[in-house]
Amino acid sequence: MRLIRKPTVILILAIAVIGTATFTATYTMRGSDRVSRATTGATPPDHTVTPAPNTTPDTSQPFWYQPFVNQDAQRQPFRGELNGLEVDPYWQGRTGFELCPGTGLEPAPPRAEISVATAPGPLRVDPESMPSGVVPSNVPDVFLCGEELFEIAWTFAVSPGTPDVNEGGSGLLVHRIRGREPITYGSPRERWFESTVNGIPVVVSRPIVSVGNKQFGGCFLAGYNPETDVLTTISGLAANEGFCLQVAAAVMK
Amino acid sequence: MRVTIARAIGIAVLMGAIAGLAVPKESKAVNYSVYIELWPGGSSDLTCGWHSGICYDDDSQVSSGAALDWAASATISFYVKSSTDSGLFSVSGTGYLTSQTQTSCSHTMYASVYDNTATWRAGVWYYHTDDSLSSYNQDINTQQYNLVSTSKAISTTANESGCGSSWTGYHVHQMSDCGWTLANYPDHSTCNKDYPEPFTNDVSDCWVSNSYHMGYANWSVPYP
């Protein structure tokens with residue numbers, strides 16, 4: 001049996017330690033491996049496909065919503081009557097002179113818009129009564145016919161994380177006007193349904209697609225109260241129908 | 001002997017480094033970024049700086065806010081520019097344009113900006129716009145490291161007669177909704193033109209720099 005000299009053993013061990021330390025340092029300092037992916041060609045969404053029936057889309061994939069948008073675009077906007085309300089996207093509206101003969105409508109006095117919009121009355125819009133996460137984003141547009149409040153349009157911002165709202169948040173428009181007139185929101189029949197809010201018949205349009213906290217297309221709601229002669233419309237720009245119904249319940253009191 | 005030891009140490013360092021680079025490591029998700037600018041929907045003639053509500057000729061009556069008035073005698077457009085740091089996509093997301101109200105004094109259109117996974121990123125209101133379509137989805141063009149434009153005509157200016165004497169001149173009241181970082185354009189107190197002429201009671205320093213974009217948004221999205 002041949003004995004190995006002690007200095008040789010120490011040298012071998014030292015070299016092994018140096019090699020291991022170099023490996024560890026190199027492995028630790030280098031970044032994580034990237035996910036392998038194709039790198040050639042820029043991809044646009046496909047505007048020809050429509051959703052396969054009874055499939056749940058994978059919302060992590062780019063443009064997963066496009067088939068639903070394509071399908072919606074192929075459908076004609078509904079024109080007709082729902083829940084006693086006329087829906088007509090082609091209606092052009094009436095002028096302020098037609099609505100308020102003689103003088104026409106006039107804006108509320110400067111700096112008085114908010115106090116007029118929130119004052120008790122059939123057209124009142126009260127930000128304090130809105131669902132949590134909804135705050136005004138603008139001074140309301142308020143129009144009077146003589147001394148009488150006639151029309152309010154008020155926009156709001158909706159925070160991310162609000163229930164029934166897109167994970168990125170949403171805009172919101174509340175519009176109230178005296179009198180009954182056609183609803184001009186364009187949406188195919190498949191997205192409309194009838195409902196009731198605080199005893200008032202309403203029509204509601206769902207978003208084009210809503211999966212979890214991804215809503216594309218927004219919700220719309222309209223209701224006419226014959227007792228007060230006020231038409232109310234609610235637009236949740238990136239929200240589903242549950243959100244529009246919740247806002248309507250707070251506004252149409 | 002010394003030369004042999006030095007070589008052995010060198011080989012050990014080299015082998016360790018090669019092994020450290022070669023051994024597979026756990027993959028980590030990475031994101032790519034998107035940048036988008038919001039541009040005027042009307043002409044580039046600014047008639048009222050940042051304000052909210054009506055831009056009265058008497059500037060002391062005007063409230064500050066997130067809207068700009070652009071003169072617009074004809075078409076109003078959804079106009080944005082986008083770039084990305086990825087070569088994977090020529091489209092950064094989707095603009096979804098809808099008519100909101102078409103009545104008397106409230107002719108209003110809205111454009112939502114979604115990223116390519118349908119997360120809502122920003123929105124913009126176009127007031128005094130007559131409806132020429134019910135809804136429309138628009139690809140937002142983009143290019144790696146280069147800003148490219150997307151412009152979609154959405155409507156024309158509305159005739160809102162009978163809505164008060166303060167409504168003068170065809171224009172679009174373009175109000176940015178959440179999601180945008182607004183540009184430092186003139187406030188209403190430095191730009192308030194009673195457009196068109198004769199420009200009485202003007203505060204007309206409406207210089208808006210050599211680029212007219214109102215603001216920008218950016219986001220990152222995981223690679224698919």
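Visitor: How many bridges join β12(A) to strand β13 of chain A, and do they run parallel or antiparallel?

Guide: Strands of a sheet pair through backbone hydrogen bonds, either parallel or antiparallel. Here, seven bridges join β12(A) to strand β13 (residues 230-236) of chain A, and the two run antiparallel. Two strands pair if DSSP finds at least two bridges between them. Strands are DSSP runs of E with at least two residues, helices are runs of H or I with at least four, and both are numbered from the N terminus. This is a predicted model, in which local features need pLDDT of at least 70 and side-chain atom pairs count only at pLDDT 80 or more, while totals for chains, interfaces and linings use all residues. Residues are numbered from 1 along each chain as its sequence is written, and chains are lettered from A and ligands numbered from 1 in the order in which they are written.

Visitor: Which residue is the bridge partner of A:Leu221 in β13(A)?

Guide: The partner is A:Ile234. A:Leu221 also stands opposite A:Val204; four bridges join strand β9 (residues 200-205) of chain A to β12(A), again antiparallel. In the hairpin of β12(A) and β13(A), four residues lie between the strands, and A:Asp229 takes a positive phi near 60°.

Visitor: Why is strand β12 of chain A largely enclosed by the rest of the structure?

Guide: A residue is buried if 20 or more other C-beta atoms lie within 10 Å of its own, exposed if 12 or fewer, and partly exposed in between, with C-beta atoms placed from the backbone. Seven of the seven residues of β12(A) (219-225) are buried, so the strand is largely enclosed. In a regular strand the side chains alternate between the two faces of the sheet. Both faces of β12(A) are covered: A:Cys219, A:Leu221, A:Gly223 and A:Asn225 are buried on one side, and A:Phe220, A:Ala222 and A:Tyr224 on the other.

Visitor: Where does B:Thr129 lie, and which residues does B:Thr129 contact?

Guide: B:Thr129 lies in strand β8 of chain B. B:Thr129 is buried, because 27 other C-beta atoms are within 10 Å. Two residues are in contact if their C-beta atoms, placed from the backbone, lie within 7 Å. Leaving aside neighbours within four places in sequence, the contacts of B:Thr129 include B:Ile76, B:His107 and B:Val172.

Visitor: How many residues does each chain give to the contact?

Guide: Chain B gives 67 residues and chain A gives 77 residues. On the side of chain B that touches chain A, the largest share, eleven residues, comes from α1(B).
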